[in-house]
Protein chains: 2
Amino acid sequence: MSKLTVLFLPMGLSVEVEKGLSILEAAQKGGVYITNLCGGEGVCGECKVFLKAGQVEGIDRSLELLGDKEVSKGYLLACQSIPTTDVVVEIPLEATVEAAQIMKDQAEEAREAITPTDKPIVEKIFLKLPPPTPEDNIADTERITRELRKTLGWRGYKMDLPCLQRLPQIVRDSNWQVTCTLLREFEEFRILCIEHNDTSKNNLGLAVDVGTTTVVAQLLDLPNNKVIDVEGKLNSQASYGEDVISRIIFACSKGSTEILQKTIVKDINELIEILCERNHIKPEDIWSIVAAGNTTMSHLLLGIYPCAIRLDPYVPTAYSFPIVKAKEVGININPLAPLIVMPCVASYVGGDIVAGVLACGIHEKEGVSALIDIGTNGEIVLGNRDWLVCCSASAGPAFEGGGITCGMRATKGAIEKVRIQNGNVIYSTVGNARPRGICGSGLIDAIYELVRARIIGQDGKFERGLSDPRLGYDSDIPQYTLVYPEESETGKPIVITETDIDSLIKSKGAVFAAIKCLVEYVGLSFEFIENLYVAGGFGNYLDANKAIGIGLLPDIARERIKYVGNTSLKGARLCLTNHSAFERSLNLSRAMTNIELSTYQPFMNEYIASLFLPHTEMKLFPSVSYWS
Amino acid sequence: MSKLTVLFLPMGLSVEVEKGLSILEAAQKGGVYITNLCGGEGVCGECKVFLKAGQVEGIDRSLELLGDKEVSKGYLLACQSIPTTDVVVEIPLEATVEAAQIMKDQAEEAREAITPTDKPIVEKIFLKLPPPTPEDNIADTERITRELRKTLGWRGYKMDLPCLQRLPQIVRDSNWQVTCTLLREFEEFRILCIEHNDTSKNNLGLAVDVGTTTVVAQLLDLPNNKVIDVEGKLNSQASYGEDVISRIIFACSKGSTEILQKTIVKDINELIEILCERNHIKPEDIWSIVAAGNTTMSHLLLGIYPCAIRLDPYVPTAYSFPIVKAKEVGININPLAPLIVMPCVASYVGGDIVAGVLACGIHEKEGVSALIDIGTNGEIVLGNRDWLVCCSASAGPAFEGGGITCGMRATKGAIEKVRIQNGNVIYSTVGNARPRGICGSGLIDAIYELVRARIIGQDGKFERGLSDPRLGYDSDIPQYTLVYPEESETGKPIVITETDIDSLIKSKGAVFAAIKCLVEYVGLSFEFIENLYVAGGFGNYLDANKAIGIGLLPDIARERIKYVGNTSLKGARLCLTNHSAFERSLNLSRAMTNIELSTYQPFMNEYIASLFLPHTEMKLFPSVSYWS
């Protein structure tokens, strides 16, 4: 088949592809990221690129989604455009994603001290064995387990064959002084390796948060209870689909589960390489990895076909996963080291949430706590040491900047805080860069401020007849200009449209309705929530007053609201450093009652009642008054 | 490096080798079997070959072991002779080994009915699963285990990752009608595979007796409780050393454990291929394999370094072995099928003996039984349902024809029965072929007859001054001609020398002394033995009267002596067809008390007292009278 070249700007990366592939497929092949929400189905309109040179086929769909005007300027949908000649394609600034500042912040936060109360899930123990004598000539394995039992109490032990094969040489060559690497699998311990002499101090562990958008890995020195370093990157699976649903569609429609598995494994391996190089560490010294992710990410990491997750009645393949060698899935750490994947609760309440419950200690407290993790899905857990209920509400992509005219993720140049005063807009951006767009927390701020400034009403509609110069229309839709073109990085205005506001109201309405349903399901009301943990990168930038003000969070005492950061990573780390935490996670995942909102009658009414700022029932928000 | 050709006669096989290799190494490379007991160390003198053409180096050791006369005729030690030109080598008839008749006999015997009282260790179960509904949307794995628990009761289940990865497609494509393949690992069940539709009838199992000399495999149709077929072959490891000790030396001195593992795996794969072809079966339908062998064979099969077994204080690497995928060690059955290796008791009491105890049901009987397995080592177990003691006596190779002037294994042409009457020798051979040598049972018969005919005394020495024409000398050692040259296959006489008789007396003395030590260790005497099980191919040809007559077996009522054939194979089969048998074998292997005879004080006295025909203490053998 003949080949064509696609040159991507501004990065200047040239990709050679077979004729017949779309620009998006060329980008995926070359590792170039182009935003897209629908996995290349031609329905989201997010993969807009600018054709600088060359010819393409298939512009009908571009015309339909982008309009004549845009297409005539040279804009096209990358997923629908098939080059017929060599082409030069420019990816608009707002559609590229930089290594996120947010992860750097997480990194700093994650350097906190760890104080395990227990042994790590993989432990290395130095043993001085008595050599065999005619009176004591038990098998080598028995000599080792006898010694281990002196320290660890009576246990069943299993030894992997590769370890057994070399065992007699190793114990004799090292004069019966060996280091035993143990995986604690509940009551039974698995001996992964016997090494010469004392290597018990070389025991590193890796906690990984496998997010749909970002992957964060934290390297731990287990014998010294120290976080060595942390590194994050965007999940490269994004080039096959922005969100969970589009990834599942890709994995299934093209039988490409293995591609997505290899992609996430490659990301994890890149993080491992960076962490090892930066800290002068050999990957072979990493003896355990615990990964937490939502149910789909967990399935994909292990190469498990995820298709039934998105089909009614939303069935995952498994809740808990076998402990396999990390090497089996292609992760480059010690070839004998296990990969432990946190268990899930349901199709849309995953191991990241179980990790979050562990990290916040919700399951240990007498009082009732709630955990809210807001992204494309809002996952909510409510409970205490006796019971736990959870649910997942489809919030849509608005909180992550998706489907919003000038929306973007909380990366460099994203407006994260907004204040409107006397017709002026004061804002701050991630990294203090020139503004490129607006992220979720900025949007919440902006909408709150727009109501407070009486520019929009509590129904989210612009007040008609105002003479604010920032107000205008685009295709008959009212919009408010936050940033004029000359101030912005892209040279285009940053606006909020009535449609954007509507999207956000729907998103916050879904999350709030879900919280309310859970609270009422267990017969309580909001004031019983002693701790409201807000998890995720999003939480770090959230202004509680404004989040309550728009009706995203319930109106409870502000000091009860705690931003807890990446609890998925923290929970995974807890399982690395405390073996009993992983056992507890398996019990938790079984004990959590999942409420399936799509079939839960009261949800729809609660949702409709929530489509107001903050809510149709104002008495639910006694402290909220926009004009006091 | 330059190459040479070694042509082996009578088979006419030509092997090309690098200069510098010995004739024995060339034979090993070409798969030509030459008897050798020392693993090529140049000490046993068994690998005698005839150089028909060409030149070799290194005849000093040949001169030393074979003498000037033999070497001048052209005889050489294969292991010490290094060709310097192309050579033609003839292997003497008595040093080649044919596929043994003995195994055909075992085959017939092994076709007995099997009546399992339990489920097989790997079971295939057809499941009709209810499809998921909104009210019943548990994970696919939970749906399967819920259904399994209905039949099997409450259990812990684990599912292997390869099975999990394809699970959601399989259950949906097959309309929720699937076959589940389960390995019963004690209380926990491991799900090995989920297949489309009902394949529960395609469940074959393979029982394998991994003997030092022969390997026998039996194919079973588990759902129908039927033995399909059986096949045996010589253990090809023999070309690296005749007995256990020389194999260990080879495995260690040259770091060649992997070579021996590959060799035995190749043998097993050849048996599988033959069994599958002959019965029109796909190897993928074999879902389990249970192997029983002595401790060294078990180590070698799994590629475990066996060296400490032969070093004081005789320490094996492990008593029990992890259940691995048969594929992991290279066995060609279903790639998901497990290999289960029977547990061992000590360095010289292996899984074959544990299998034997299981097969004879010694551990279930109230009365005391003994199991005797006689080969190069005589392994003995004594006990009942409350206790079991065992030991291993180094009997030397005499019972297998080793170290005996005209000794050979019980293969075609071996004299197996002898009667001496009025100066005539009446004998029968294996396969009714022309005699080629004498095997263990023939030797026992012959010696018994020689005493009875007053040709040798009860001390095993030839009576001086007899004028029997069969009596003569070779290098001053008295000998008795059983077969004249003109009657034999080789054209040479078949003789028994005083040295041969001495060897056999030492062998039988060691076995008897061991039995006596065990019986006295538990404070009993011979009459308490209600069943004396004689195992091994050797047992089939043993005349109880004569075995007692020479003092090999204790003098108990003849009907208590039972020839039980290949109990190693039978025990392995029992574990295939009854999962609880394998669990019991693990308990048995731990519960059996091993008496280490080399450090057991009374043994040496008992041994010396046994160096007489039948024994120095005649009152131990009340029924034996040679001249009544």
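## Contact between the chains

Two residues are in contact if their C-beta atoms, placed from the backbone, lie within 7 Å. In this predicted model, 35 residues of chain B are in contact with 35 residues of chain A. Three elements of chain B each supply at least two residues of the side that touches chain A: helix H4 (140-152), strand E9 (156-159) and helix H5 (161-173). H5(B) gives the most, with seven residues. Sorted by class, this side of chain B has 21 nonpolar, eight polar and six charged residues.

Of the interface residues of chain B, 100% are also interface residues in chain A, so the copies meet through the same surface.

## How the copies are related

Two copies of a chain are related by a rotation about an axis and a shift along it. Here, chain B is superposed on chain A by a rotation of 180 degrees with 0.0 Å of shift along the axis, and the RMSD is 0.1 Å. The two copies are thus related as by a two-fold rotation axis. Which residue of chain B comes closest to the rotation axis? That residue is B:Glu188, with its C-alpha at 6.0 Å.

## Chain A as a whole

The secondary structure of chain A consists of 16 helices and 29 strands. Chain A has a radius of gyration of 27 Å, close to the 25 Å that the globule rule gives for 628 residues, so it is as compact as a globular protein of that length. Along the principal axes, the C-alpha atoms of chain A fill a box of roughly 100 × 65 × 45 Å.

Of the 628 residues of chain A, 53% count as buried. Among the contacts in chain A with a separation of 6 or more, 67% come from residues 24 or more positions apart.

## Two helices of chain B

Two packed helices are described by the angle between their axes and the distance between the axes. In chain B, the axes of helix H9 (residues 351-360) and helix H14 (residues 567-577) come within 7 Å and cross at roughly 75 degrees. Angles of 65 to 115 degrees count as roughly perpendicular, and H9(B) and H14(B) are therefore roughly perpendicular to each other. On the H9(B) side, the residues that meet H14(B) include B:Val354, B:Leu358 and B:Cys360. On the H14(B) side, B:Lys570, B:Ala572 and B:Leu574 are among those that meet H9(B). The residues of this contact divide into seven nonpolar, four polar and two charged.

Is H14(B) largely enclosed or exposed? Eleven of the eleven residues of H14(B) are buried, so the helix is largely enclosed by the rest of the structure. The buried residues of H14(B) include B:Lys570 and B:Arg573 as well as B:Leu569 and B:Leu576.

## Backbone exceptions

Most residues other than glycine have a negative phi, and most peptide bonds are trans. A cis peptide bond joins A:Leu613 and A:Pro614, with omega about -5 degrees. A:Pro614 lies in the segment after helix H16 (601-609) of chain A. In chain B, the peptide bond from B:Leu613 to B:Pro614 is cis, with omega near -5 degrees.

A:His280 is not a glycine, and its phi is positive, near 55 degrees. This histidine, A:His280, sits in the loop between helix H7 (257-278) and strand E15 (286-293) of chain A. A residue is exposed if 12 or fewer other C-beta atoms lie within 10 Å of its own; A:His280 has 6 and is exposed. A:Arg454 has a positive phi of about 60 degrees, and its place is in the loop between helix H10 (440-452) and strand E24 (471-474) of chain A. A:Arg454 is exposed, with 11 other C-beta atoms within 10 Å.

Technical notes. Residues are numbered from 1 along each chain as its sequence is written. Chains are lettered from A and ligands numbered from 1 in the order in which they are written. This is a predicted model: local features need pLDDT of at least 70, side-chain atom pairs count only at pLDDT 80 or more; totals for chains, interfaces and linings use all residues. Axes are lines fitted to C-alpha atoms, for helices over the stretch in contact, and angles run from 0 to 180 degrees between N-to-C directions. Helices (H or I, at least four residues) and strands (E, at least two) are DSSP runs, numbered from the N terminus. Angles under 35 degrees count as roughly parallel, over 145 as roughly antiparallel, 65 to 115 as roughly perpendicular and the rest as oblique. Ala, Val, Leu, Ile, Met, Phe, Trp, Tyr, Cys and Pro count as nonpolar, Asp, Glu, Lys and Arg as charged, and the others, Gly among them, as polar. The radius of gyration is taken over C-alpha atoms; the globule rule is 2.2 Å times the number of residues to the power 0.38. A residue is buried if 20 or more other C-beta atoms lie within 10 Å of its own, exposed if 12 or fewer, and partly exposed in between; C-beta atoms are placed from the backbone. Copies are superposed by least squares on the C-alpha atoms of residues with pLDDT of at least 70 in both.
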